Amino acid sequence: MEPLGRYRPIVDDFGAFRAACERPLPSAIRVNTIKATVERVTAALEEAGIAADPVDWHDRLFVLPEASAGGNWPYFHGWTHGQEEVSAIPATVLDPQPGERIWDACAAPGSKTTQLAALMDDRGEIVATDNNLGRISALRTNTERLGVTNVAVTHEDGRNHSLKPFGGAGYDRALVDVPCSCEGTIRKNPDALEDWSLSHVEGVAGVQKGILTRAVQVTEPGGTVVYSTCTFAPEENEAVLDHVLEAEDCELVDYDLPLTHRDGITEWDGASFDPSVTRAKRIYPHHNDTGGFFCAKLEVTG
């Protein structure tokens, strides 16, 4: 099975989609407002002779057409962090507030964790969980370089996340950016689909369902959970949402996203999903010259 070809029925202008997937992805950075302002970073990049194009929908993101994200002194000082454009969507949608308690269920290597911290002005508490010790090392390195102090790191499987070390209290919000088949990353990693298989997609979807279920369970009623992937596979996207909507007390809510996108789909390969999955958003590479992405916002009701 050709992985991307299976999405021909749900992607408009499939030829443009395939062509975009074959183009390299430009480097992008996020300004780390814990250590620097947008104005200060803009001046620093100009001083270093680095061209930086502002991203129109997000005032803390810049695309570097001809430079790497990490090969400059503002990066080493922790003023910036390499983070592609679509990667900034989940934390922006979650919209954490200073002083809140947040669970980042699949946190390493820390791009979204540190973005959450900056949005919170480094106040409150972020519990950053991952089950991979090597990636946790990168998470710690990134939090230190970026000056983040409100993060507590836990090594565990998100499906079994325990509230006991933190007094048993639930979270105000949870970010669930799950491990996935990574189809949407092909522009920065051309080998991403070399070992692709439908059995892997179906297997990782089971893990995703478990992590999202746990996130809903540990978030207080009225709280927000954001679910995201960098894959096009409905098995890992709408089907996961459909499962959790049926199993837990939550509902999908709409949100504004000033990027060209398509709604979630309600039917795939003979399966039908809850009609509310149309409130999720699919981002395709040919619409905004980005990677591929999927993002949904849930409210806990129980």
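Arginine 145 touches Lys35, Tyr75, Phe76, His77, Gly78, Thr80 and His81, leaving out residues up to four places away in sequence. This picture comes from a predicted model, in which arginine 145 lies in helix H6, residues 133–145. Although arginine 145 and histidine 81 are 64 residues apart in sequence, their C-alpha atoms are 9.4 Å apart in space, and a polar contact of 2.7 Å joins their side chains. With a relative accessible area of 14%, arginine 145 falls under the 20% limit and therefore counts as buried.

**Helix H6 and its surroundings**

- Besides Arg145, the buried residues of H6 are Ile136, Leu139, Asn142 and Thr143.
- These buried residues of H6 pack against helix H3 (73–76), strand E4 (80–82), helix H5 (111–119), strand E6 (125–130) and strand E7 (151–155).
- The 13 residues of H6 should span 18 Å at 1.5 Å a residue, and the end C-alpha atoms are 19 Å apart, which agrees with that expectation.
- At the start of H6, asparagine 132 places a side-chain oxygen within 2.9 Å of the backbone nitrogen of glycine 134, while just after the helix glycine 147 takes a positive phi of about 75 degrees.

**The largest nonpolar core**

- The largest nonpolar core has 46 residues, and those with the most contacts inside it are Val176, Leu212, Val225, Tyr227, Leu241 and Leu298.
- Two or more residues of this core come from each of helix H1 (14–21), strand E8 (171–177), helix H7 (198–218), strand E9 (219–229), helix H8 (238–247), strand E10 (250–253) and strand E15 (293–300), and H7 gives the most, with six residues.
- Tyrosine 227, when residues up to four places away in sequence are not counted, touches Val176, Val178, Gln208, Leu212, Glu236, Asn237, Val240, Leu241, Phe294, Cys295, Ala296 and Leu298.
- A second, separate core of 28 residues includes Trp57, Ile89, Leu94 and Ile102.
- As general background, nonpolar side chains tend to be buried together in soluble globular proteins.

**Helix H1**

- Phe14, Phe17, Ala20 and Cys21 are buried in H1, and they lie on the same side of the helix because they cover an arc of only 125 degrees around its axis.
- An α-helix has 3.6 residues a turn, so residues three or four places apart point the same way.
- The buried residues of H1 pack against helix H9 (285–288).

**Strand E3 and its partners**

- Strand E1 (residues 27–31) runs antiparallel to E3 and is joined to E3 by four bridges, with alanine 28 standing opposite valine 63.
- E2 also pairs with E3 in the antiparallel sense, over two bridges, and here aspartate 53 stands opposite valine 63.
- E2 and E3 form a hairpin that has six residues between the two strands.

**Histidine 58 in the loop**

- Histidine 58 lies in the loop between strand E2 (53–54) and strand E3 (61–64).
- Apart from its neighbours within four places in sequence, histidine 58 is in contact with Ala88, Thr92 and Gln115.

Definitions and conventions:
Residues numbered from 1 in each chain as written. Predicted model: local features only at pLDDT ≥ 70, side-chain atom pairs only at ≥ 80, totals over all residues. Heavy atoms only, no water. Core = buried A, V, L, I, M, F, W, Y, C linked by side-chain atoms within 4.5 Å. Buried < 20%, exposed > 50% of the residue type's maximum accessible area, 1.4 Å probe, protein only. Contact = heavy atoms within 4.5 Å. Polar contact = N/O pair within 3.5 Å; in protein donor to acceptor, adjacent residues only side chain to side chain. Pairing = 2+ DSSP bridges. Arc of directions from axis to C-beta. Expected span 1.5 Å × (residues − 1).
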